Amino acid sequence: AGWLRVLNGNRYSLRIPIDRESTETMERFVGHYPHGLDLYLTPESGVSELHLSVAVDNENRYFARGLSLRPTLVSRFLEKVDLRYDPRRPAPLETRLESGDIIRIGTDTHRAELEFIMLPKEER
């Protein structure tokens, strides 16, 4: 199962699962909107109300989708993907996630860092 883990800030080491219970696509939302988000991060950490979503499809592929105009960067070995939302595009940008990917949200002074990791389902 895929998990999102917070790497800094006041929610350090908090992790949430991104796992499907049925055959439908599962999507988790990250932001600082006070109600109904799966992973709440404070606005002081550079996170928008609705900043990012992470989804798993019925083939167990994981994706991150940028939902904010603020900086959203997915880093992996020899690759960086900017998921900042472009209002001129018909849909948000998304990229496939692999275990160990780091997601940096916000600027250098106000930034949240998340890590996407794969753990056995028994960790739940």
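User: In what order do the strands of the open sheet of 6 strands lie, and with what pairing?

Analyst: As a general idea, strands of a sheet pair through backbone hydrogen bonds, either parallel or antiparallel. In this predicted model, the open sheet has the order 2-1-11-10-7-8, and the pairing is antiparallel.

User: Which strands stand at the edges?

Analyst: Strand 2 (15-18) and strand 8 (79-82) do; each has a single partner strand, so one side of each is left without a neighbour in the sheet. On average, neighbouring strands of this sheet are turned by 20 degrees against each other, direction ignored.

User: How many bridges join strand 1 to strand 11?

Analyst: Strand 1 (residues 2-6) and strand 11 (residues 111-118) run antiparallel and are joined by 5 bridges.

User: Now a single residue. Where is Arg65 placed, and how exposed is Arg65?

Analyst: Arg65 belongs to strand 6, which spans residues 62-66. Its relative accessible area is 25%, so Arg65 counts as partly exposed, the class between under 20% and over 50%.

User: What is Arg65 in contact with, apart from its neighbours within four places in sequence?

Analyst: The contacts are Glu27, His51, Leu52, Ser53, Leu83, Pro92, Leu93 and Glu94. With Glu94 there is also a polar contact, side chain to side chain, at 2.9 Å.

User: How far apart are Arg65 and Arg111 in sequence and in space?

Analyst: Arg65 and Arg111 are separated by 46 residues in sequence, and their C-alpha atoms are 18 Å apart in space.

Technical notes. Residues numbered from 1 in each chain as written. Predicted model: local features only at pLDDT ≥ 70, side-chain atom pairs only at ≥ 80, totals over all residues. Heavy atoms only, no water. Helix = DSSP H or I, 4+ residues; strand = E, 2+ residues; numbered from the N terminus. Buried < 20%, exposed > 50% of the residue type's maximum accessible area, 1.4 Å probe, protein only. Contact = heavy atoms within 4.5 Å. Polar contact = N/O pair within 3.5 Å; in protein donor to acceptor, adjacent residues only side chain to side chain. Pairing = 2+ DSSP bridges. Axes fitted to C-alpha atoms, helices over the stretch in contact; angles between N-to-C directions.
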